[in-house]
Amino acid sequence: MSTDGWELVIGLEVHVELDTRTKLFSASPNRFGDEPNTNIDPVTLGLPGALPVLNRHAVELAMRIGLALNCDIRPSSFHRKNYFYPDMPKAYQISQYDEPLNVDGWLALPDGTRIGIERAHLEEDTGKSTHVGGSGGRLHGSDYSLIDFNRAGVPLVEIVSRPDLRTSEQSRQYVTELRGILLAVGASDAKMEQGSMRVDANVSVRRPGDPLGTRCEIKNLNSVRSVGRAIEYEAARQITMVEAGDTVRQETRHWDEGDGTTHTLRTKEDADDYRYFLEPDLVLLAPEDEWIDRLRSELPALPAERRAALSEVTGKATDSEAVIVVTERGQDSYVLAVGEAGGDPARALIHVKEAFAAFGDEPAVPAQDLAALTRMESAGALTPTQAKAVLAEMVAHSGGDPEKIAADKGFEAMDTLALETLVDHVIKDNQASWETYCAGQDKAIGALIGAAMKASRGQADGKAVTAVLRTRRSTA
Amino acid sequence: MSGPASDIAMGVRDGSRSAVTVLEDYLARIDAREPRIHAFNVVLADEARHRAADIDALVANGADPGPLAGVPVALKDNMCTRGVPTTCSSKILEGWRPPYDATVVHRLSEAGAVVVGKTNLDEFAMGSSTENSAFGPTRNPHDPTRVPGGSSGGSAAAVAAGFVAVSLGSDTGGSIRQPAALCGVVGVKPSYGAVSRYGLVAFASSLDQIGPFANTVADAALVLQVIAGHDPADSTSIPQPAADLSDVLTEGVAGVRVGRIVDLPSGADPDVDERLEAALETLQTAGAKIVDVEVPAFTYGLTAYYLIAPAEASSNLARYDGVRYGLRVDATETNAMYAATRAEGFGDEVKRRIMLGTYALSAGYYDAYYGKALKVRRLIADDFERAYQHADVLLTPTSPTVAFPIGERTDNPFAMYLCDTYTIPTNLAGHPAVSVPFGTGAGRLPVGVQVLAPMLAEPMMFRVAAELERAVTS
């Protein structure tokens, strides 16, 4: 199935649970994984006479998200979205409707592409139903259903992108980038597998330049990977239909992770009339300028800014895998610290994964020790292979003096000048291979490296030799 | 009778009267006449006796139980009481016992009041006669063949019959003031947000407000000062303390500008109109200045109300779905269970309003109905604001008629809705209003006069109400 000649138009709706101590409208704990129906109260259960009181911290986290997504923060209101469902205690959800808190922002993908953010609004989560018996854990046909109201009233922010995404890869990047932003501002733990970050995708296809096609909304995307897979499947499904002369029906579809397909959940005709109206139990939410300004000034460095900083000191592109991954893991500040301690950030970028390996969140090796190691490498005192061995030793002992470790191991590397002289000899002695390599046949480099290793009697480092050969070719 | 609530509280606080003795007086009257009147859904005699004994013990130990020490009170049965059934006079809440007290219940208790029982109402406060109750109608103590008004008919009748000294009702479109007028007692609808709604079972959230019934204006003021004041559990509660009403009652009305609404919708009976004219004369004689004002949108209040209130009700009452509490009628699948439960649990008037409200909010109809009603609501507030540039208070009849016979209007919902013509606009504006007994009309039945005031102008409103009361009792 080819998408050649077709353009995908994708918009994502992302629900994130805010990391607050209590619920959006009551004092019950907002905590995942507790015994069912223990984090409840009259408001959560929608008991007669209970009234909602807005959680200020939830508003603050929602505003942080808005600011991080370059949104305008506006005076906003809450509406009731009315529909019956057993895990909806009041039979309406309190949500923001035509006056959302955050509007008109954007998120930049790592390559700089800006994806528009239409809105990011506050709403309450529903309870969680478990359907027992029947087939497939669905309400229809089940023997009975259990409801856990612990999740009911948990604060959510729904972040709605504009239909600016064009590929499944961009969509994955968007979700990953958004997750990084949510973590950076401390708004959510954003765990897709636990449901604290949930993604719905609106997908349509068209011939480039044509008006928008009919979209389908895909639900149940529980990982970044399934976001990509589901979009690819759905786009292919729609293209097949249109190419066969059928029309795409606007509907909500369910992604089945098991068989890798989407299937109809409900059609537009089945859609509820939610009978939205202004929630009379709450007042308008109009954050004062001082509050907004304070939050703006307190905003931490976001992933894009951190990637730029990392790129600058390491010389790697902002959208290179190393820069993206190290920033995502929150290890970028360590690389910068190695640079500040007089080390080589580019080499630190290579070693950072190893340096964190033992503990995950915290580096096993102090930045100044890694800085010393990278200095030895830069000076040619260690080959990269030897440097790895020394680092392993440092990780095992939570740091240490790399010079002493190298000496103990009896490492001595050829210095850079000696290596370059050696390589120049090899080039001179292997002119045929060199010319083939310079003509663009990269495989020819193998013969040259082999000759260099032989000439040095194994003392030379393969990668270092490769690097010198590449430099020579590029300046030839 | 046992005298005003203020006298009871004073006597109990200084030890000259016993709360237990006071209570027994009231319980004796309940024993004698409640079977005929049916003001209560439940009488909590044992709990009240314990509570009264505790109050006496507190006083004996030198403590002060508070400004309502030993005062017997009744609560409309749409206010949550911990562990005590709260039915809204509906089958759908059968068996439900709230796990918490409404803020007003808590405040009454903190002030030393003794809760004697929970009173009958039109189901979910929808009605003007207390005939729409799943537990049968309440009768008017002045003439038991007639209605007490509604929806807080039980609370009004309980005070009028001497079953309690004071009571609480709720007023969405006149549900305190109209029964107060028909039962010959004082009934106050405070400014929206003056009294917490936390624990009041919602009918129409943007209009509902709790207020007191009492035999005297002073008692109504005393209770209002106890229950009013900011409550963080209600986001629409006004963040300021209760207004001080203790000194205004004796200030008189010299120089007060009292407005007569010249374009008031017609329809009041001549005996009622006659009492309004008499009230205006009384106030003029007492030094007030009578001014003519116009409130053109007043006449559209009823229509706007019967879109806004049902719309909110359709949403507020959606939670009675049989899933978590109250009645459940089993069925083979969820939607059928909802339908069976709600068909069985709700009475006709409630169903009528749920359907009306659902329709008014539906896609394609919202703008023509609910949206337009909201615009009228703003117009009414604007018109009142203009009128209050010329007047400090406005005077109208409370109800177009005196108490009508039981059954007279049950088959004609629209005739029933007209009962609230004069009370509804203040709810839409959020303003306070009070109905004060002002003599009698046809059949020697009580007539009430309504004093309307701008937002949070309760002190001025009570000044005028006290003057009317003095004219009647002197």
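I began with a strand pair: B:P397 stands opposite B:V449 in β11(B). The model is predicted; local features need pLDDT of at least 70, side-chain atom pairs count only at pLDDT 80 or more, and totals for chains, interfaces and linings use all residues. Residues are numbered from 1 along each chain as written, chains are lettered from A and ligands numbered from 1 in written order.

I checked the strands next. β9 (393–397) and β11 (446–452) of chain B pair antiparallel over four bridges. Strands pair if DSSP finds at least two bridges between them; helices (H or I, at least four residues) and strands (E, at least two) are DSSP runs, numbered from the N terminus.

I traced the sheet. In chain B, 11 strands form an open, mixed sheet, ordered β1-β3-β2-β4-β6-β5-β10-β11-β9-β7-β8. Its edges are β1 (40–43) and β8 (289–293), each pairing on one side only.

I looked at β7(B) and β8(B). They run parallel, joined by five bridges. B:I261 stands opposite B:V293 in β8(B).

I turned to chain A. Helices α5 (303–314) and α7 (332–340) pack at about 35°, axes 10 Å apart. Axes are lines fitted to C-alpha atoms, for helices over the stretch in contact; angles run from 0 to 180 degrees between N-to-C directions. I listed the contact residues: A:R306, A:A309, A:L310, A:V313 and A:T314 of α5(A) meet A:D332, A:V335, A:L336 and A:G339 of α7(A). Contact means C-beta atoms, placed from the backbone, within 7 Å.

Key. Two residues are in contact if their C-beta atoms, placed from the backbone, lie within 7 Å.
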